[in-house]
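This report is written for a reader who is meeting the structure for the first time. Please keep the sequence and the 3D view at hand while reading the sections below.

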Amino acid sequence: MTAFRIGIDLGGSKIEAAALDQGGAMRLRRRIPTPAGDYAGTIAAIGGLVAALEREIGAHASVGIGIPGTIVAATGLVKNANSTWLIGQPLGRDVEAALGRPVRFANDANCFALSEASDGAGAGQGTVFGVILGTGVGGGIAIGGRILVGANAIAGEWGHNPLPAPEPGEWPGPPCYCGRSGCIETFLSGPGLAADHRRHGGRAMESAAIAAGAAAGDLACLATLDRYAERLARALAGVINILDPDVIVLGGGLSSLVHLYEEVPRRWGRHVFSDRVVTRLLPPVHGDSSGVRGAAWLWPL
Ligand SMILES: [Zn+2]
């Protein structure tokens with residue numbers, strides 16, 4: 001049995017790799033820029049990272065990889081990746097050939113959910129919904145410590161549902177790159193938050209600057225964060241009605257907005273079909289390590 005597990009987070013701008021020991025502790029970590037637009041270079045970079053980590057730990061390891069998008073089981077080809085040079089490529093087969101071993105793949109939001117469900121904020125809980133609030137909005141579901149993939153390999157992908165219970169001014173909503181309008185992502189991603197601030201007369205500034213402005217008492221920034229919490233409450237109420245998770249863990253850059261953990265559960269009850277909501281909304285335990293950790297967890301010890 002392999003004692004070490006290597007997890008790789010294949011992102012659009014960087015590839016991160018980590019080696020976890022038997023206890024789940026991270027022993028080594030490496031980060032390199034992604035050879036963007038270069039498929040063969042991406043395969044070679046993954047091969048180089050695995051070889052370097054195995055040399056340092058002095059052992060052969062299992063390898064799990066989190067990717068943007070998903071590998072379609074029927075064809076083995078990548079779909080839905082915002083790293084577009086991966087789309088339509090037989091990534092699984094090519095990486096396995098390069099590494100000379102079976103490799104497990106999962107969507108990066110699913111890796112986040114698996115990491116937090118395994119030994120993070122959702123440890124020991126039955127059903128965990130992991131939410132990514134970043135450049136985009138994604139999600140993953142872990143049930144009993146295992147990823148729910150789904151028939152179309154999109155389980156948990158709530159970002160392109162329409163924002164529920166739209167108020168005046170929210171309908172039909174901003175156009176989305178997916179071809180629809182008013183998607184949850186157009187309101188709850190970082191760029192979505194910044195665009196909402198501008199639509200309400202605020203200055204052009206990024207989400208981190210808006211958060212800093214709110215902390216300093218700027219009324220326009222505070223109002224923007226208030227609208228954000230209200231919309232997240234409505235969007236997550238829809239998830240609770242269907243999945244009824246024990247824990248919802250926030251990840252991605254906007255998970256650092258501390259007001260969400262009080263404001264959102266205070267507001268979601270109005271939209272949930274239950275007189276009492278016991279679902280907890282929690283910050284991530286592993287922060288931006290969740291991608292590599294969840295990928296490593298794709299292979300149980
Ligand atoms: Zn969309």
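## The enclosed space

A cavity is here a set of grid points where a 1.4 Å probe fits but cannot get out, and the residues that line it are those with an atom within 4 Å of such a point. The model to which this is applied is a predicted one, and a search of the whole structure finds one cavity of 30 Å³ or more.

The largest cavity has a volume of about 40 Å³, and its lining is made up of Pro-162, Leu-163, Pro-166, Glu-170, Trp-171, Pro-172, Ser-181, Gly-182 and Phe-187. By residue type, this lining divides into six nonpolar residues, two polar ones and one charged one.

The largest pocket has a volume of about 1500 Å³. It is lined by 45 residues, and those closest to its centre are Pro-68, Asn-82, Asp-108, Ile-132 and Gly-136. Two or more lining residues come from each of strand E1 (4–10), strand E2 (14–20), helix H3 (108–119), strand E9 (137–143) and helix H9 (290–296), with the largest share, four residues, coming from H3. The lining of the largest pocket consists of 13 nonpolar, 23 polar and nine charged residues.

The second largest pocket, with a volume of about 710 Å³, has 31 lining residues, of which Phe-105, Ala-106, Ile-147, Val-149 and Leu-298 lie nearest its centre. Here the elements that give two or more residues to the lining are strand E5 (70–71), helix H2 (91–99), strand E7 (104–107), H3 and strand E10 (146–147), and E7 gives the most, with four residues. The lining of the second largest pocket divides into 17 nonpolar, ten polar and four charged residues.

In soluble globular proteins, nonpolar side chains tend to be buried together. In this model the largest nonpolar core has 36 residues, and Leu-133, Trp-158, Leu-188, Leu-232 and Leu-236 are those with the most contacts inside it. At least two residues of this core are supplied by each of strand E8 (127–133), E9, helix H4 (184–188), helix H6 (207–215), helix H7 (219–243), strand E11 (247–251) and helix H8 (260–268), while the largest share, eleven residues, comes from H7.

Leu-188 shows how parts of the chain come together: apart from neighbours within four places in sequence, Leu-188 is in contact with Leu-133, Val-137, Trp-158, Tyr-228, Arg-231, Leu-232, Ala-235 and Leu-254. A second, separate core has 28 residues, among them Ala-17, Ile-43, Val-95 and Leu-99.

Leaving aside neighbours within four places in sequence, Val-264 is in contact with Ala-229, Leu-232, Ala-233, Leu-236 and Leu-281. The C-alpha atoms of Val-264 and Phe-129 are separated by 15 Å, and these two residues are 135 residues apart along the chain.

The loop between H8 and E12 contains Thr-279, a buried residue with a relative accessible area of 7%. A polar atom of the Thr-279 side chain lies 2.8 Å from the backbone oxygen of Pro-245. Not counting residues up to four places away in sequence, Thr-279 touches Ile-240, Asp-244, Pro-245, Asp-246, Val-247, Ile-248 and Trp-268.

Which side chain makes a polar contact with the side chain of His-197? His-197 lies in helix H5 (residues 190–199) and is buried, with a relative accessible area of 2%. The partner in the polar contact is the side chain of Thr-224, at 2.6 Å.

Methods
Residues numbered from 1 in each chain as written. Predicted model: local features only at pLDDT ≥ 70, side-chain atom pairs only at ≥ 80, totals over all residues. Heavy atoms only, no water. 1 Å grid on protein atoms, 1.4 Å probe; cavity = no way out; pocket = protein on both sides within 12 Å on 5 of 7 lines; lining within 4 Å. Points joined across faces, edges and corners; volume = space filled by probe spheres on them. Nonpolar A, V, L, I, M, F, W, Y, C, P; charged D, E, K, R; others polar. Core = buried A, V, L, I, M, F, W, Y, C linked by side-chain atoms within 4.5 Å. Buried < 20%, exposed > 50% of the residue type's maximum accessible area, 1.4 Å probe, protein only. Contact = heavy atoms within 4.5 Å. Polar contact = N/O pair within 3.5 Å; in protein donor to acceptor, adjacent residues only side chain to side chain.
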